Amino acid sequence: MKNFPFQLKKLRAETRRQFFGQTGLGLGAMALSALLDRDVFAAKQAWSIPSKVKSVIYLHMAGSPSQLELFDHKPALGKLHDTECPKEFLEGKRFAFIRGVPKMLGPQSKFQQHGETGQTISEHLPNLSKLADDLCVIRSVNTDQFNHSPAQLLMHTGNPLLGYPSMGSWVTYGLGSENKDLPGFVVLSSGGKTPSAGKSLWGSGFLPTVYQGVQCRTDGGDPILFLSNPDGMDRASRRQTLDAIEDLNRFQHQTIGDPETLTRISQYELAFRMQVSVPEVMDIGRESQETLELYGAKPGYVSDAESAADPRQLYKGDDATFANNCLLARRLVENGVRFVQLYDWGWDHHGSSRGESIDETLPIKCAQIDQAISALITDLKRRGLLEETLIVWGGEFGRTPMMQNNVNTVLKPGFIGRDHHPYAFTMWMAGGGIRPGSFGATDDLGYYITENQLRVRDLQARILHQIGIDPHRFSFPYQGLNQRLIGPTEEGRVLTEILG
Amino acid sequence: MLLSDSIQYRMQKSSAAKTCGCCSITCWVLFVLLCFAPNCKGEDHIVSPDGKVADFNRVIRPILAKHCLSCHGRDDASRQADLRLDERDTAIASGAIVSGHPDASELVKRIKSSDPDLVMPPPDTENPVSQSDRKALVRWIAEGAIYSEHWSFTSLIRPPLPPSNSWSSKSVDRFVYEKLKSENLVPNEVAEPWVLLRRVSLDLTGLPPDQKAREMFLANPSEQSYEQVVDYLLGSDSYGEHWARMWLDLARYADTKGYEKDRERVIWRYRDWVIDAFNADLPYDQFTIQQLAGDLLPNATMEQKLATAFHRNTMENDEGGTDDEEFRVAAVKDRVDTTMQVWMGLTAGCAKCHSHKYDPISQKEYYQLYAFFNQTADADRGQPLMKSPTDSQQQELSGLEVELKGLEKEYTQADPVSDQAYEEWIKQFDSKPLWNHLELRDFTSESDVKLEQVQAGHYNVAGELPEKDIWVLTMGVTDSREITSLRLDTLPKPQGGRWPDKNVALREMKVEKVDAAGQVTPIQLVNPRADFSQRGWEVQRAIDNKPEAGWAFSPNASQPHCAIFDLEQPIQMAVGEALRFTLEQQYGQGLVLDEFKLSSSSYPVSWLKGDVEALANLRELYRKEVDPRTQRLAKAIEGKRSKIRSVQNRIPSTPIMQELGEAKRRETKIHLRGNFLDLGESVAAQVPAQFGAFPEDAPLTRLGVAGWLLQESNPLTARVAVNRFWARLFGRGLVETEEDFGTQGKLPTHPELLDWLASDFRGQDWSIKSLLKTIVMSKTYRQSSKYSDEKLSVDPRNELLSRGPRFRMSAEMVRDQSLAVSGLLTHRIGGPSVMPPQPPGIWKSTYSGEKWKNATGPDRYRRALYTYKKRTSPYPAMTTFDSSSGEVCQIRRIRTNTPLQALVTLNDVAFFEAAGGLAKRMTESSSVLRQQLSNGFEMTLVRQPNKSELDRLVELYGTLEFNESNGKKILNAAGLEQGDPKLVSLANVLLNLDETLTKP
């Protein structure tokens, strides 16, 4: 057994071949091997394109924030405030909740221009405004789904139906992980609930399950499910039991010779290492006071909202859950995690009940994210990581220029809301080689796009491209098709000419 | 001319660019095919060295599919240059192929060309034809360019058996042996008895062998006892549970509807139907027909309808504001895709948007098939549902009904003694009537109507009825009496008059007692009952203090009615006292009382029934309330009835398929580019032409589709089925791509064996148990799974079947085995899904409010297939081991081997409790440590440990050390009150061995 490491390496290579063959899913297996052992992943793939970007941090505001209060300033809409919506906007349209003829709702926040690029940004995002020149604000995003679950699925899996791999799964499948002691695709959530479409948003669909997002939990329990030993089983005893498992597995391998046994031995070892590496990377208490203050992060903080039946009633501006997650996101990409997905729930501001209004709830939600996101950009920049980390921010659609009228027909404080609006909304990107500036525009009321429409598939194409994957060539054979994140048609455009 | 054509077509590149990238490559350039002149020098050898003809299916079609067919195949929409290479006639007519003359063939010139404008496939697709593939094409054309039908689309013909051989005379083995021989390999020896027993038990039942199976085989591991144990396993209930799990992946079974709300869907009766079907060995043809069209069978039974829930497992979207039609259409498409995937191994899904590029399913044919499935009543709204009692519920109900009948018979039997007593009893009503009317003393009306007395106690409104009114009636008695209950009788209003609606709306009624001194005391009314109440206007709403609704009786306003209200406390009324009734009748439209009577009773309230005829059924009343013998029986009868009701309330309602009536049938149109809002031409129901004609005389319904799938001319159904069962046993199908038997799928490793098994399956009346028995009885299956160096190099993936199947067990088997080994497993078949422990905070679904509650008691330890499956949040321990989330049909699971799996089996409470159970069994099995460990090993792995294994376990026991507090914690975590924490750790080790997690 003395030369075991050598033997293991040799046999592990055989296992890889075994897997490669067994699945009949060549490329997936290659990526899997990369996930297991990154030094093998030197070979360039056909879809590979040069890129300095190593990681993506995707900040999804589940429920969809109002672009009209945050980024897309429409003074003309203010002039039509409280008047009936022009007919041409309603004919042939379906809304989730708006019925009949609604009234227009003017901007409910003040705007100012910021930075050299002159970005118009809301008063609700004072910290982010200071970083205006780092952002590429896209005011012309368009989706074709107007309900949360299908729209979120479309945004993250490229398909409004369930069962497709998420962007993070695609990216880890394509690029593997930089750190063999950590999962390549990590999901963090805040806001008290998971997004409407649930865990399918980070599922691996038809890709091998090894690529599914690993939800790291920050509510005081195990950061990764089942990471902790059973109560009373200390690390030394765990080590002893794992040694015995390994020895018995080796006996088994000597008898049978199945290379899969050796893979299992190494996976048990990795599990043991993860028991240390994951809590370490997840421990924001290791950060300096200055950094914690920068983010507004609070180690060990567990919000009441996280366990409430209706968390919206408990939202406070100083809730640190999202800030903690932003800081974690930085720690994770710093440690080589490929794709960090943050979901923050509670942005569905219809105004039909308490805790979901444009006038009361939106400012609170903004307070929860403004400092944290700004800190994330600042922190990545000063550590020299911003150029290799792409940050994406947005919801699954936008909100209507009309007031939602199914509950209140008159404006009532705490109940001012907007319905779902798929036709035009705002997202932004930062870092990761994206050229800062403004992209696209909407009409005077913010209803339709007038310039440079960016569809969901374009966005996905862009994200893949940015991290070094040719979105058109990047595919996986399933059900007789070469499935792609950007879908079967040639719609997904990379738009390098405009986005840098 | 050629050149200019070429350039011209190049310029069309951008317009042709909208081809479908999903089907791999796009190519833009026209295949110009005019040059027949043999102007090239023959540079390739066209004579095959072995003299064999190139195998079109095995060699040539894959090359064409990879490099040519996406632009020159069967899809009209994406075809370039009007050239087809998938058909011989058109390929030859176009000049692309000149039979026997590769050098004259444009195809060959193009693939060899070094001119970037001419070479095929175009350089920008980065898909050049390799040197060896070019040679193969050249050779194939030289030999005459023989096309043959894709192997799986050809008729299924039972192949002749290869000769018997020295290894085995069994049919399966003869095919396998031929192949091994051709590769100069010999099969492995038979596996050790304990390996074989564990393997076959895990394969057939999903559980390790129980004590009986161990005794049956291990004591005397002969051929006969092996067969005996196989029969025993096939006959056990666990068999159906295990194979049902396999089928549920295909059925995309889950306990919730999916999408945002992802609310519960009660459909476990379908899961139990599948278990029962496997256990009863329902022939695969029946199994198919019932699931696809059980509702359409003549006189369909409940079970047959229940089977159709197969296609009600599609997702539904309950999110506010969604378009039901959009999700109904998505469900119907899913049914088409799933049907084709499950039964024919074809990926029809591509044809939703365009004709399939590789397999013979055009877009029109897709929607023709869709038309069959487009005719069911469900529309993304949950309905239709069917009451579907379980066997035990049915038994309970029929038992109760028999008992009820007996009691009822006894109750109504002639009884002269009782009759006589009854005659005596009724006399009392002559002196003291059951109901005694009250007399009006005073009356006020908001709208100033007057009442007039029409006969004793009967009053009506004089003249026209008011639109609405509030009456205050002061009613007195002529004799002093006790009052237990009050009664209001109403008589039908005469026709005509101002108000057409003859209903009455008594919105509120209030009663007070006014004593002689004028003192007013409110009277509490309870237990209201009426002979009839309008829906939503039940009589209790007249005394609920809420004026929105009260008592009314549409549509039966033309009949007399009565309402009875008991007094919470009976009162004594003297002649000078009165009852004051306030009747609020403010609904409007003249819904005010006309002729009515108010009465009181002094009798026990149980005697006072809400019957218009107050004295009707006195005989019945006597039986029920007075005669002690029948009174007892009546109570027993009511008890039975209430039990029956409670059983009936527990009966689950299951979503089923239900055909729309003739008048409601939907028209089916092609969805252009797959968009349900963008409709093309209308199509009639029909099946894809390639796979056999629609059976004659079959109805044009799903039933006919099932018949088409099962008829002998369908080449795929039997092949796909046997391949699937084979794959579950061997870890890989004879066709590896179980999900794709089309031209893009892999070719079978043993085509003759596959066909032999498929035709045998048909020949054995589609018996799944027979099929499985044939396979597990083979020597191929019984081989040891040891890897020799030679085999690792010649047959690394065991495609030649040169050793036994060894692979990691499924998620469900991993759980079930640990429960079985630990002695914790609850053996109970079926029932609602259960919630074994999962870490807190996993379910955080938006809005639904449904909660995961860790089961305690037996439901904590049920087999994995009973674990509640929420589509948006499946059970984490299971998905870590690759189980499906049940969103869409999953034909096969890709096995992974990850560190997260290790964390589950090491640390998950479910597995640690199993370790506790196993430790307990070990402790109980012996008082000697070494023996305990050896026994635990054997309980888990069906074999005794060898010396080094046992030594290592003993050594571990010696090195582990837990202080008292940790020891207690470990026991606690393992669900034990007392025991040896070190032994628990040892059990945890045993449950985590590679051998344990692997089917041997």
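Helices and strands here are DSSP runs, a helix having at least four residues and a strand at least two. By that count chain A has 14 helices and 17 strands. The model is predicted.

**Chain A as a whole**

Select chain A and colour by pLDDT. The mean is 86, and 89% of the residues reach 70 or more. Then select residues 1-43 of chain A, where pLDDT stays under 50. For this stretch the model has 57 contacts beyond four places in sequence. Across chain A, which has 500 residues, 61% are buried. Among the contacts in chain A with a separation of 6 or more, 77% join residues 24 or more positions apart.

Go to A:I449, in strand β14 (residues 449-451) of chain A. Is A:I449 buried or exposed? A:I449 has 20 other C-beta atoms within 10 Å, so it counts as buried. Beyond four places in sequence, its contacts are A:S140, A:N142, A:A424, A:G440 and A:T442. One of these, A:A424, is 25 residues away along the chain, with 5.8 Å between the two C-alpha atoms.

Now select A:N452, in the loop between β14 and β15 (454-455) of chain A. A:N452 is not a glycine, yet its phi is positive, at about 55 degrees. A:N452 is partly exposed because it has 15 C-beta neighbours inside 10 Å.

**Where the chains meet**

Show both chains. The contact between them takes 74 residues from chain A and 86 residues from chain B. On the chain B side, the elements giving two or more residues are α30 (876-880), α31 (899-907), α34 (947-959), α35 (964-973), α36 (981-990) and α37 (994-997). The chain B residues of this contact comprise 31 nonpolar, 32 polar and 23 charged.

**The nonpolar cores**

Which residues touch the most other members of the largest nonpolar core? In this core of 298 residues they are A:C326, A:A329, A:V392, B:V722, B:A915 and B:A987. Centre on B:V722 and, leaving out residues up to four places away in sequence, find B:L754, B:L757, B:A758, B:F761 and B:L771 in contact with it. A second, separate core has 41 residues, including B:Y459, B:M509, B:A563 and B:V592.

**Helix α24 of chain B**

Select B:R719, in helix α24 (residues 717-730) of chain B. B:R719 counts as buried because 26 C-beta neighbours lie inside 10 Å. Beyond four places in sequence, B:R719 touches B:S152, B:L156, B:F741, B:L754 and B:A758.

**Two crossing helices**

In chain B, show helix α3 (residues 56-67) and helix α7 (residues 131-142), whose axes come within 10 Å and cross at roughly 115 degrees. The crossing is left-handed. From α3(B), B:V59, B:I60 and B:I63 meet B:D133, B:A136, B:L137 and B:W140 of α7(B). Six residues of this contact are nonpolar, none is polar and one is charged.

**Backbone details in chain B**

Most residues other than glycine have a negative phi, and most peptide bonds are trans. The last stops depart from this pattern.

- B:M120 and B:P121 are joined by a cis peptide bond, with omega about -10 degrees. B:P121 is in the loop between α6 (106-112) and α7 of chain B.
- B:S554 to B:P555 is also a cis peptide bond, with omega near 5 degrees. B:P555 lies in the loop between β10 (525-530) and β11 (561-573) of chain B.
- B:Q589 has a positive phi, near 60 degrees. B:Q589 is in the loop between β12 (578-585) and β13 (596-601) of chain B.

Technical notes:
Residues numbered from 1 in each chain as written. Chains lettered and ligands numbered in written order. Predicted model: local features only at pLDDT ≥ 70, side-chain atom pairs only at ≥ 80, totals over all residues. Contact = placed C-beta atoms within 7 Å. Nonpolar A, V, L, I, M, F, W, Y, C, P; charged D, E, K, R; others polar. Core = buried A, V, L, I, M, F, W, Y, C linked by C-beta atoms within 7 Å. Buried ≥ 20, exposed ≤ 12 C-beta atoms within 10 Å, placed from the backbone. Axes fitted to C-alpha atoms, helices over the stretch in contact; angles between N-to-C directions. Left-handed = near helix turned anticlockwise from the far one by under 90°. pLDDT = per-residue confidence, 0-100.
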